Amino acid sequence: MKKWLILLLALSVISSVILGITIQAGTLVPLINQSFLIGLFLLIVGSIAVVTRSGFFTIFLRGFKQLKGMFFRKPRMMDSDIVQANDFAFEEKKESFVRVGTSLFLTSGTGLIVFSIILTCFYYL
């Protein structure tokens, strides 16, 4: 995954240098603003995924599950072995998907913010 991070950051630096040289300064402002805001949004989504995966909210979720058990009756069907069975292959695929998605959000958000910072340097030069 580090290879993708370095490749994406290098691609954002190269493309921002090329755009900074070729495009006029007046047309750079909307591009800078949009790339920064999209990158910030992607970083926030990736950060939320990292915090959620770290287990920070498990205490709260466990407490709410206990409260739900006190107030709502559980159907007898939910106690059967068929419903309680965990699919390990599905859990592994889900964890892999979340891990790749989190790193993709963080990497692309960082790349877009670096892109907008370099374009900002070209705008003020």
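**View 1. T102 in helix 5.** T102 lies in helix 5, which comprises residues 88-124. Helices (H or I, at least four residues) and strands (E, at least two) are DSSP runs, numbered from the N terminus. The model is predicted: local features need pLDDT of at least 70, side-chain atom pairs count only at pLDDT 80 or more, and totals for chains, interfaces and linings use all residues. Residues are numbered from 1 along each chain as its sequence is written, and side-chain values use heavy atoms, with hydrogens and water left out. With a relative accessible area of 5%, T102 is buried; buried means under 20% relative accessible area, exposed over 50%, and partly exposed in between (1.4 Å probe, protein chains only). Residues up to four places away in sequence not being counted, T102 touches G46, A49, V50 and R53, where contact means heavy atoms within 4.5 Å.

**View 2. The overall fold.** The protein has 5 helices and 0 strands, and its pattern along the sequence reads α-α-α-α-α. Of the 125 residues in the protein, 15% are buried. Among contacts with a separation of 6 or more, 92% are accounted for by residues 24 or more positions apart.

**View 3. The annotated transmembrane regions.** In the unreviewed UniProt entry, the annotation "transmembrane region" covers residues 36-64 and 103-124. UniProt positions are given in the numbering used here, feature names are shortened, and annotations may be inferred rather than shown by experiment. Residues 36-64 are 86% helix and 0% strand, and the end C-alpha atoms of this span lie 37 Å apart. For residues 103-124, the chain is 100% helix and 0% strand, with the end C-alpha atoms 32 Å apart.

**View 4. Helix 1 against helix 5.** Helix 1 (residues 2-22) packs with helix 5 at an angle of about 25 degrees, and their axes are 9 Å apart. This makes helix 1 roughly parallel to helix 5. Axes are lines fitted to C-alpha atoms, for helices over the stretch in contact, and angles run from 0 to 180 degrees between N-to-C directions. Angles under 35 degrees count as roughly parallel, over 145 as roughly antiparallel, 65 to 115 as roughly perpendicular and the rest as oblique. The two helices, helix 1 and helix 5, cross in a right-handed manner. A crossing is left-handed if the near helix is turned anticlockwise from the far one by less than a right angle, and right-handed if clockwise. Helix 1 contributes W4, L5, L8, L9, S12, V13, S15, S16, V17, L19, G20 and I21 to the contact, and helix 5 contributes T107, S108, T110, G111, V114, F115, I118, L119 and F122. The contact of helix 1 with helix 5 has 13 nonpolar, 8 polar and no charged residues. Ala, Val, Leu, Ile, Met, Phe, Trp, Tyr, Cys and Pro count as nonpolar, Asp, Glu, Lys and Arg as charged, and the others, Gly among them, as polar.

View 5. G111 lies in helix 5 and is buried, with a relative accessible area of 5%. Apart from neighbours within four places in sequence, G111 is in contact with L9 and S12. The C-alpha atoms of G111 and A10 are separated by 8.6 Å, although the two residues are 101 residues apart along the chain. L7, found in helix 1, counts as exposed at 51% relative accessibility. Between the C-alpha atoms of L7 and G111, 104 residues apart along the chain, the separation is 9.8 Å.

**View 6. F122 in helix 5.** F122 is placed in helix 5 and is partly exposed, with a relative accessible area of 27%. Not counting residues up to four places away in sequence, F122 touches S16, V17, G20 and I21. F122 and I21 are 101 residues apart along the chain, and their C-alpha atoms are separated by 7.6 Å.

**View 7. Helix 2 against helix 5.** The axes of helix 2 (residues 28-53) and helix 5 cross at roughly 150 degrees and come within 7 Å. Helix 2 is therefore roughly antiparallel to helix 5. The crossing in which helix 2 passes helix 5 is left-handed. By class, the residues of the contact of helix 2 with helix 5 divide into 20 nonpolar, 10 polar and 3 charged.
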